[in-house]
Amino acid sequence: MTSQHQYAACVDSLSRSFRGTLALDHVSLQIPSGSVFGLVGLNGAGKTTLIQHLIGSMRALHGSVTVLGQDPTVEPEKLLAKIGYMSEEDSLPKWMRISDLLSFCRSVYPTWSDRYAAELCEMFGLSTEAKLKSLSKGGRARAALLSAIAHRPELLILDEPSSGLDPIARADILEAIIRTVADEGRTVLFSSHLLDEIDRVCDHIALLHQGKLLETITAEDLPERYVECFYCSDAPSTRPPEITGAFGAAGGNTEWSVLIDSEVHSATTETIFQSRGVRWELIRHQPATVHRWFAGRVRVSHTVEKTSDAEGVQNV
Amino acid sequence: MLIQIQSGAVPIYQQIVEQIRFRILSSQLKTGDELPTIRGLAESLKVNPNTIARAYRELEHEGLVEKRRTTGTFVAEVSGKITRARRKTMLTPEIDKLLVLAAHLGADAAELDELIQSRHQALDLKEQRQ
C-alpha cells in the first residue's frame with residue numbers, strides 16, 4: 001500500500017496551556033509516512049497532550065495539526081477509521097468479552113479484518129470467550145493492541161503502550177510495530193521513555209522536554225552527528241572543559257564526559273588543551289547512544305534553567 | 001536466525017553485522033545459504049527494517065553476501081576464503097586492546113609471547129577433547 005501523503009502527520013507551532021502552565025510550547029514536527037517515529041520525553045513532558053491533538057480529542061487553539069491530510073477535529077470519524085490508537089491506560093470496558101470487542105471494532109472500522117483479528121487472538125493467546133475483566137493486565141494490553149491494529153490502520157499511535165507490562169507483552173507490542181511498518185506506507189508514532197525500545201524500533205526520534213520540542217533526528221544520523229568525548233584533567237575541576245558545540249556534561253573532579261555536535265565542532269582533533277586553568281586530555285570518544293543523547297539534552301535544559309552561569313554547558 | 005541484541009555502546013546494525021559475519025566466517029552459514037528476508041528478521045528481532053537493511057548492505061559491501069534480484073540475500077561464494085588482509089583487519093583491533101592492557105599491567109613482549117603460546121596449547125587440548 002502506498003500512502004498519498006508525504007507526511008502522516010504535521011504539527012505546526014502548536015501551543016497549549018492548562019491553567020496558565022504551558023504544556024506545549026510552539027511544537028512543530030512532521031511524521032514522514034512509512035516511518036516509526038519515536039516520541040521521547042520525561043513524564044509530564046507533553047507527549048500525551050501532543051497525541052491528544054493528533055487523534056482529535058483536543059482542538060489546536062494555537063497552531064495547527066494535520067493528520068493524514070485532514071484536521072483531526074473536523075469529521076473525526078473519517079480520520080479515526082484510518083488510525084489505530086492504544087494508550088497506557090486500561091480503558092477498554094471490562095464487562096466485554098473479547099468477542100464483543102471484536103464485533104464492536106468490526107462495526108467501527110470499515111477495513112476491519114476478521115481473519116487478521118483471529119490470527120492475532122491466536123498469536124496473543126486470547127480466547128474470544130474470555131471477559132476483559134478476567135484477563136491479566138498483559139492480556140488486556142494485548143486486547144487493546146489487537147483492537148488498534150486489526151483494521152490495518154494507516155497510522156498507528158501508541159502512547160506509552162508498554163508502561164507496567166511484562167517483557168513478553170512488551171515484545172508483542174514491538175512486534176506489532178514492526179509488522180505495521182513493514183507493510184509499506186504505514187506509519188507508527190510510538191511514545192515512550194523506554195529508550196531501549198525506542199532504539200530498537202524507531203527510525204526517527206523527537207525529544208519533547210517541558211513542552212518544547214528540543215530536537216528531531218533520524219536514528220541513523222544520531223550516532224554520526226553526536227560524539228561522546230571523555231576528558232581527564234591534571235587537577236580537579238568543578239566544571240567540564242570549555243568546548244565549542246559541547247553539551248550535556250556529566251562527571252566531576254578530574255573526569256568528564258561531554259557530547260559534541262560534530263556539525264559545530266570537530267573535537268576529536270584536539271586531544272590536549274588548556275581550559276579553566278587546567279590541562280585536559282581527550283581519553284576516549286565514541287558515537288553517542290540514544291541514552292546518552294537523551295540524558296545530555298535533558299540535562300542541558302536543566303542546567304540552563306537553574307543557573308544563569310551555564311558557560312561551557314552550552315546549548316546548540 | 002537467533003541474534004542477540006543488547007542496548008549499549010554498539011549500534012544495533014553493527015551487532016547484527018558482527019553476528020552474521022561470524023556465522024559466515026565460521027562456516028555455520030555456507031556459500032549459497034539464504035539469509036532471512038529483511039522483513040522476517042525485523043519482525044523476529046523486533047528491530048526497525050531499515051536497520052536490518054543497513055546491516056545487509058554492510059555485509060554485501062564486505063563481499064560476504066550477495067543480493068539476487070527478486071529472490072533474496074545469499075551467502076556469497078568468495079566468503080569462505082578469508083584472505084590474509086581480512087584476517088589482519090579483523091585481528092588488529094583485538095590485538096591492540098591486548099597490547100594496551102599488557103602495557104598498563106607492565107607485561108613485556110616476552111611474557112606476552114609466552115602466555116599466548118601456553119594459552120594456545122591449552123585451547124588446542126580443549127578442541128581435541130570435544
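Helix 1 (residues 47–54) of chain A lies across strand 3, strand 6 (155–159), strand 7 (187–192) and strand 8 of chain A, and its direction is at about 150° to that of strand 6 of chain A. Helices (H or I, at least four residues) and strands (E, at least two) are DSSP runs, numbered from the N terminus. Angles run from 0 to 180 degrees between N-to-C directions, and axes are lines fitted to C-alpha atoms, for helices over the stretch in contact. Helix 5 (residues 137–149) of chain A also packs on the sheet, where it touches strand 5 and strand 6 of chain A; its direction makes about 165° with that of strand 5 of chain A. The model is predicted, so that local features need pLDDT of at least 70 and side-chain atom pairs count only at pLDDT 80 or more, whereas totals for chains, interfaces and linings use all residues. Residues are numbered from 1 along each chain as its sequence is written, while chains are lettered from A and ligands numbered from 1 in the order in which they are written.

The sheet in question is open and mixed, with 6 strands in the order 5-6-7-3-8-9 of chain A; two strands pair if DSSP finds at least two bridges between them. Strand 5 (83–87) and strand 9 (212–218) of chain A form its edges, each pairing on one side only. On average, neighbouring strands of this sheet are turned by 15° against each other, direction ignored. Within it, strand 3 (residues 36–40) and strand 8 (residues 204–209) of chain A run parallel and are joined by 4 bridges. Leu39(A) is placed opposite Ala206(A) of strand 8 of chain A.

A further open sheet of chain A has 4 strands in the order 11-10-13-12, with antiparallel pairing. Its edge strands are strand 11 (246–261) and strand 12 (272–275) of chain A. Neighbouring strands are here turned by 35° against each other on average, direction ignored. Strand 10 (residues 226–237) of chain A is linked to strand 11 of chain A by 8 bridges, the two running antiparallel; Glu228(A) has Leu259(A) in strand 11 of chain A as its bridge partner.

Chain A is assigned domain 1 (7–218) and domain 2 (223–306), the bounds coming from an automatic or database domain assignment. The centres of these two domains of chain A, taken over C-alpha atoms, are separated by 36 Å. Contact between them involves 11 residues of domain 1 and 6 residues of domain 2 of chain A, two residues being in contact if their C-beta atoms, placed from the backbone, lie within 7 Å. On the side of domain 1 of chain A that touches domain 2 of chain A, helix 7 (195–201), strand 8 and strand 9 of chain A each supply at least two residues.

The contact between the chains takes 17 residues from chain A and 13 residues from chain B. Helix 6 (167–182) and helix 7 of chain A each supply at least two residues of the side of chain A that touches chain B, and the largest share, 7 residues, comes from helix 6 of chain A. Chain B is itself divided into domain 1 (12–80) and domain 2 (84–129), whose centres, taken over C-alpha atoms, lie 29 Å apart.

Overall, the secondary structure of chain A comprises 9 helices and 13 strands.
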